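Hi everyone, thanks for coming. Let's look at a structure together, starting with the ligand and then moving on to the sheet.

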Amino acid sequence: MEITILDTYEDLSRHAAEVLFRQLEAKKDMLLCAATGNTPTGTYELLAEEYARRPQRFADLRVLKLDEWGGIPLDNPGTCESYLRSHVLTPLKIDPTRYISFESDPADPEEECRRMRARLADAGPVDCCILGIGVNGHIALNEPADWLQPRFHVAQLAPTTLNHTMVTAAGKSPAYGLTMGVGDILQSKMIILLISGPSKREITTRLLSQKGVTPGFPASFLLLHPNTICLVDRQAAPA
Ligand code: PGA
């Protein structure tokens with residue numbers, strides 16, 4: 001994992017956006033797996049600014065939703081779907097044929113996961129996966145556990161995850177999560193892990209000193225990936 005410490009959140013977002021522009025240059029129809037949450041918002045804003053200048057650059061970009069709050073209606077403002085719609089899909093004019101998504105409140109969550117496994121097998125592999133990290137070390141909604149699930153699955157959410165600002169915005173606690181598995185994530189050709197803010201300093205310190213992989217710390221599995229860049233702002237960096 002290549003680690004870069006940047007002075008500010010703006011620098012981190014700019015660096016991530018420039019990596020994405022280079023990726024898009026190399027592959028116009030790249031499949032971008034997009035995390036939601038507070039951390040990637042600055043990066044997506046820079047993509048939207050670039051779209052205003054050079055829309056053609058994004059004409060073939062494909063987007064995949066990384067994870068979702070289960071049991072919350074899709075149009076609730078707190079869902080990952082609503083986030084992607086306002087920060088990525090609308091600003092970059094990603095039409096439905098270039099967006100791979102799944103229900104937030106499916107009648108049969110296991111069936112929805114089976115459908116997503118098939119869709120990923122069909123459309124993948126992911127060219128670039130943008131990730132954040134939870135204060136408990138989760139990636140996507142792969143929570144610390146005795147063992148991790150490799151493929152797309154229904155996830156039991158950790159208490160710290162249920163305190164996330166998106167859940168507060170939803171006004172309703174998700175009953176479960178729907179998420180790409182760690183194996184799906186590791187199959188991405190490139191991963192950009194974004195870490196920002198003082199609340200992440202403790203977990204960043206752990207990640208940067210981590211010697212091996214353990215399911216109790218899902219982000220540690222990124223150490224196995226040959227092409228992960230980790231961008232950390234000064235506030236999240238070890239003191
Ligand atoms: P955040 O969420 O970007 O809002 O900090 C990251 C996460 O909990 O995975």
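**Around the ligand**

Sorted by class, the shell around the ligand holds one nonpolar, six polar and one charged residues. Here Ala, Val, Leu, Ile, Met, Phe, Trp, Tyr, Cys and Pro count as nonpolar, Asp, Glu, Lys and Arg as charged, and the others, Gly among them, as polar. Before we go on: this is a predicted model, where local features need pLDDT of at least 70 and side-chain atom pairs count only at pLDDT 80 or more, while totals for chains, interfaces and linings use all residues. Residues are numbered from 1 along each chain as its sequence is written, and side-chain values use heavy atoms, with hydrogens and water left out.

Which residues surround the ligand? They are Gly37, Asn38, Thr39, Ile133, Gly134, His138, His164 and Lys200, each with a heavy atom within 4 Å of the ligand.

Now some polar contacts, meaning pairs of N or O atoms within 3.5 Å. A polar side-chain atom of Thr39 is 2.4 Å from a ligand oxygen atom. For His138, a polar side-chain atom lies 2.8 Å from an oxygen atom of the ligand.

**The sheet**

Next, please find the open sheet of seven strands, ordered β1-β10-β9-β6-β2-β3-β5 with parallel pairing. Strands are DSSP runs of E, at least two residues, numbered from the N terminus, and two of them pair if DSSP finds at least two bridges between them. β1 (2-6) and β5 (99-100) are at the edges with a single partner strand each, so one side of each has no neighbour in the sheet. β1 pairs with β10 (residues 228-233) in the parallel sense over five bridges. Within that pairing, Ile5 has Val232 of β10 as its bridge partner.

Key
A polar contact is a pair of N or O atoms within 3.5 Å; within protein, one must be able to donate a hydrogen and the other to accept it, and residues adjacent in sequence count only if both atoms are side-chain atoms. Helices (H or I, at least four residues) and strands (E, at least two) are DSSP runs, numbered from the N terminus.
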